[in-house]
Amino acid sequence: MTTRREFLQQSAILSAGIMLSDKMFSQSKNRKPRVVVLGAGLAGLAAAYELTKQNIEVVVLEARNRIGGRVLSHEIDSDKKLTIELGAEWVGNSHERVIALCKEFNLELFNNQFETHLIYKNEYSPSGKWGYSEEWNAKFGKLLAEFGKMSESQKRALDKTDWWRYLMNNGISERDLDLRELADSTDFGESIRHVSGYPAITEYAESSPKNEMDLKIRGGNSRLPHAVAEKIGLDKIKLQHKVTSVKQETKSTTVTCENGSTFLCDFVICTIPTFAIGKIHWLPELPKEKVAALNALQYSRINKHAVLFDERFWNDEAFDLLTDSNAHYFYHATKSQESGQGVLISYSIGDKADVIARQNNEYRKRIVADALRPGFGDVAEKIVRQVNYYWGNDPHSMGAYAIYGKDQWFTLQPVLAKPHRRVFFAGEHIADWQGFMEGAVVTGEDAAKAVLNL
Ligand SMILES: Cc1cc2nc3c(=O)[nH]c(=O)nc-3n(C[C@H](O)[C@H](O)[C@H](O)COP(=O)(O)OP(=O)(O)OC[C@H]3O[C@@H](n4cnc5c(N)ncnc54)[C@H](O)[C@@H]3O)c2cc1C
């Protein structure tokens with residue numbers, strides 16, 4: 001079977017072939033190339049680290065005043081004992097490169113798995129007391145097994161169907177479909193009506209049993225980008241350097257920032273989200289099909305509303321909860337962190353996220369308390385503090401992560417991944433592990449290797 005990873009490796013070989021035949025790429029054999037990396041998220045940092053190890057001159061340009069991009073840890077209590085994640089939460093058991101980097105930098109990964117409770121139609125069911133019907137479990141197992149034997153053309157056909165329709169066409173019952181919508185939409189950040197069937201099924205057929213919701217970095221996931229940045233050298237990472245233009249000429253490339261600074265280099269590795277790529281002035285212009293792909297790809301809307309409670313009334317460190325309310329999905333964000341207090345994050349997606357993000361904390365408090373009431377009574381009085389972050393309006397990504405819709409995986413991904421002369425692209429949006437930190441790291445490292453191999 002061709003996994004998504006194998007498909008991407010084939011696309012990368014094709015792209016490299018195109019590049020090597022281009023005379024524009026010949027550079028002086030007497031000196032090492034100079035590389036500018038756009039973005040200090042995990043993709044950009046992984047690329048820069050790979051190059052630094054080979055003594056390549058590298059500069060990382062970052063628009064924000066911090067590194068880490070969509071990895072964003074936050075200390076929520078006044079004693080600074082409790083760290084929560086406003087961006088990426090889980091490291092998956094299959095995420096080999098992230099796990100290897102944590103090992104290299106001596107960052108402890110601890111178990112962050114949960115046993116899911118449910119509030120559905122106003123009724124609370126503890127973990128282990130609810131589930132999909134036996135018929136659906138059997139059917140879904142069969143579908144996942146059959147996926148492993150699918151031909152390329154069958155996979156392409158699956159890409160033309162949305163995940164909701166695929167499940168309907170396979171005879172899912174109304175209740176099972178409701179539950180899949182609630183659970184799977186947390187993975188994609190939008191309703192499953194908006195997700196292509198192909199990336200959706202790979203998510204479940206090629207992931208760890210807990211769907212990569214396995215581990216977390218002790219002290220906060222941001223420790224990883226910070227550790228990588230220190231190895232690169234903090235002087236090489238220029239914060240508040242928003243790139244506005246990339247001009248490739250015969251002998252070199254000039255990268256210009258909003259603050260007026262310019263950087264001359266031989267290669268660029270561009271790891272910024274598609275929305276931001278589209279805002280840059282490219283010379284020569286990006287090919288029309290890349291511009292069309294940038295304009296077509298959507299990013300999901302996730303709102304994280306973190307609520308610090310004066311006690312852990314859920315009485316289970318491994319607590320998470322799916323609800324059919326606007327608060328959507330709750331999880332215990334301070335699992336295995338010692339304190340009398342504890343944080344539940346309400347993780348909402350799509351339109352639900354948009355609604356909550358537009359309101360104030362008084363409204364959000366009511367939404368959270370109403371959603372939890374069927375299982376836990378009135379918890380509003382236990383709230384100490386609330387912190388809200390909406391990725392749908394993040395000025396640098398305008399979304400949480402890319403979401404490939406119907407007929408987009410096989411058509412957009414290869415176009416977005418293709419280099420533009422001496423500019424290589426990386427980032428979660430073009431990764432096999434798309435939507436994950438692992439995808440960011442792997443694509444960053446691959447882009448660096450592509451530069452090194454020229
Ligand atoms: C709410 C949420 C939950 C998530 N949950 C998980 C999870 O549980 N597990 C997991 O593995 N992943 C998760 N992810 C996904 C993960 O965070 C991303 O896949 C990964 O961090 C993306 O890294 P990146 O380097 O590709 O992009 P980014 O982190 O976005 O880095 C790109 C950088 O480029 C910068 N930039 C943008 N424009 C410019 C410009 N013009 N000039 C210079 N710099 C620019 C940005 O500021 C940013 O710092 C989650 C993400 C979100 C938002």
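Helices (H or I, at least four residues) and strands (E, at least two) are DSSP runs, numbered from the N terminus.

## Model and conventions

This is a predicted model: local features need pLDDT of at least 70, side-chain atom pairs count only at pLDDT 80 or more, and totals for chains, interfaces and linings use all residues. Residue numbers start from 1 along each chain as its sequence is written, and side-chain values use heavy atoms, without hydrogens or water.

## Overall fold

The protein chain has 15 helices and 22 strands. Its C-alpha atoms fill a box of roughly 70 × 55 × 40 Å, taken along the principal axes. The radius of gyration, taken over C-alpha atoms, is compared with a globule rule of 2.2 Å times the number of residues to the power 0.38. For 454 residues, a compact globule would come near 22 Å; the protein chain has 22 Å, which agrees.

Burial follows relative accessible area: buried is under 20%, exposed over 50%, partly exposed in between (1.4 Å probe, protein chains only). Of the 454 residues, 57% count as buried.

## Ligand site

Near means that a heavy atom of the residue lies within 4 Å of the molecule. The ligand is surrounded by 35 residues; the closest are Glu62, Arg64, Arg70, Trp90 and Met437. By class, this shell has 19 nonpolar, 10 polar and 6 charged residues. Here Ala, Val, Leu, Ile, Met, Phe, Trp, Tyr, Cys and Pro count as nonpolar; Asp, Glu, Lys and Arg count as charged; the others, Gly among them, count as polar. Domain bounds come from an automatic or database domain assignment. Domain 1 (4-68 + 222-298 + 402-452) and domain 2 (73-115 + 300-393) both give residues to the shell, so the ligand lies between them.

An oxygen atom of the ligand is 3.2 Å from a polar backbone atom of Leu42. At Val243, a polar backbone atom is 2.9 Å from a ligand nitrogen. At Glu428, a backbone N or O atom lies 2.9 Å from a ligand oxygen. The protein covers 98% of the 1,000 Å² of accessible area that the ligand has on its own. Such areas come from the Shrake-Rupley method with a 1.4 Å probe. The elements that give two or more residues to the shell are α2 (42-53) and α15 (437-452).

## Backbone geometry

Most residues other than glycine have a negative phi, and most peptide bonds are trans. A cis peptide bond joins Leu283 and Pro284, with omega about -10°. Pro284 sits in the loop between β14 (281-283) and α11 (288-296).

Gln240 has a positive phi, near 50°. Its loop runs between β9 (237-238) and β10 (243-248). At 54% relative accessibility, Gln240 counts as exposed. Asn315 has a positive phi too, near 55°. This residue is in the loop between β16 (302-309) and β17 (319-323). At 71% relative accessibility, Asn315 counts as exposed.

## Two residues in context

Gly439 lies in helix α15. Its relative accessibility is 0%, so Gly439 counts as buried. Gly427 is 12 residues away along the chain, and the two C-alpha atoms are separated by 6.9 Å.

Asn111 lies in strand β5 (residues 109-111). With a relative accessible area of 38%, Asn111 is partly exposed. Asp79 is 32 residues from Asn111 along the chain, and their C-alpha atoms are separated by 24 Å.

Notes. Polar contact = N/O pair within 3.5 Å; in protein donor to acceptor, adjacent residues only side chain to side chain.
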